[in-house]
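I opened the notebook to work through one structure, step by step. The entries follow the order in which I looked things up.

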Amino acid sequence: MKNNDWKDRLNIVYSTNPDFQYDNGEEEEVETLDKKQQKLRVSIEKKGRGGKTVTVITGFTGSEEDLKELGKLLKTKCGVGGSVKDGEILIQGEFRQRIIDLLKAEGYTQTK
């Protein structure tokens, strides 16, 4: 069957600019850096979380899939809940030193 490309562009306003490039919203897949090149930062946050303490891991460069996999590993090793949002891993509770040790054991050498 024929590929109907026009169906992907319904409800789009077109430009009269001859240099206009149509962006269909697909993002490029970010390539995950090697574990030794990742500069992860581990911090504790309490603001805006209803008084609950959360350990936040930021600085991961790579695909969303790899970030979720790392988040799942940290949650299971700490035995607590958490989530992965906006390029950050949130772990419930105050596990800063334990997470730093776990990340270094996994090969993330530039962890602070």
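**Entry 1: the whole chain**

I began with contacts along the chain. Among contacts in the protein with a separation of 6 or more, 51% are between residues 24 or more positions apart. I note that the model is a predicted one.

I then looked up the burial. The protein has 112 residues, and 21% of them count as buried. Its accessible surface comes to about 8,600 Å², and carbon and sulfur atoms hold 45% of that.

Next I listed the secondary structure, which comes to two helices and four strands. Read from the N terminus, the elements follow the order β-β-α-β-β-α.

**Entry 2: the sheet**

In what order do the four strands stand in the sheet? I found β1-β2-β4-β3, in an open sheet with antiparallel pairing. As a reminder to myself, strands of a sheet pair through backbone hydrogen bonds.

I checked the edges next. They are taken by β1 and β3 (82–85), and each has a single partner strand, so one side of each has no neighbour in the sheet. From one strand to the next, the twist averages 20 degrees.

I then looked at how the helices lie. Helix α1 packs on the sheet and touches β2 (54–58), β3 and β4. The direction of α1 makes about 15 degrees with that of β4. Helix α2 also packs on the sheet, where it touches β1, β2 and β4. For α2, I noted an angle of about 165 degrees with the direction of β1.

Strands β3 and β4 are antiparallel and joined over four bridges. S83 stands opposite L90 in β4, and V84 stands opposite I89 in β4.

The hairpin has two residues between its strands. D86 lies in this loop between β3 and β4. I wrote the rule beside it: most residues other than glycine have a negative phi. Is D86 buried or exposed? D86 is exposed, because its relative accessible area is 78% and the cut-off for exposed is over 50%.

I also looked up G82, which lies in strand β3. With 30% relative accessibility, G82 counts as partly exposed. Apart from neighbours within four places in sequence, G82 is in contact with K75, L90, I91 and Q92. I also took the distance from G82 to G71: the two are eleven residues apart in sequence, and their C-alpha atoms are 7.9 Å apart in space.

**Entry 3: the nonpolar core**

The largest nonpolar core has 16 residues. Which of them touch the most other members? I found I57, L70, L74, I89, I99 and L103. The elements that give two or more residues to this core are α1 (64–78), β4 (88–92) and α2 (96–106). The largest share comes from α1, with four residues.

I picked L103 and listed its contacts. Not counting residues up to four places away in sequence, L103 touches L40, V42, I57, L70, L74, Y108 and T111. Of these, I57, L70 and L74 are also on the list of core members with the most contacts to others.

**Entry 4: the salt bridges**

How many salt bridges does a search of the whole structure find? The count is two.

One joins E106 and K35, with the closest N and O atoms 3.9 Å apart. E106 lies in helix α2 and K35 in the segment before β1 (41–45), so this pair ties together parts that are 71 residues apart in sequence. E106 is partly exposed, with a relative accessible area of 32%. K35 is also partly exposed, at 36% relative accessibility.

The other joins E45 and R49, where the closest N and O atoms are 2.8 Å apart. E45 counts as partly exposed at 30% relative accessibility. R49 counts as partly exposed at 27%. I stopped the search here.

Technical notes:
Residues numbered from 1 in each chain as written. Predicted model: local features only at pLDDT ≥ 70, side-chain atom pairs only at ≥ 80, totals over all residues. Heavy atoms only, no water. Core = buried A, V, L, I, M, F, W, Y, C linked by side-chain atoms within 4.5 Å. Buried < 20%, exposed > 50% of the residue type's maximum accessible area, 1.4 Å probe, protein only. Contact = heavy atoms within 4.5 Å. Salt bridge = Lys/Arg side-chain N within 4 Å of Asp/Glu carboxyl O. Pairing = 2+ DSSP bridges. Axes fitted to C-alpha atoms, helices over the stretch in contact; angles between N-to-C directions. Areas by Shrake-Rupley, 256 points an atom, 1.4 Å probe, with all protein chains shown as cover.
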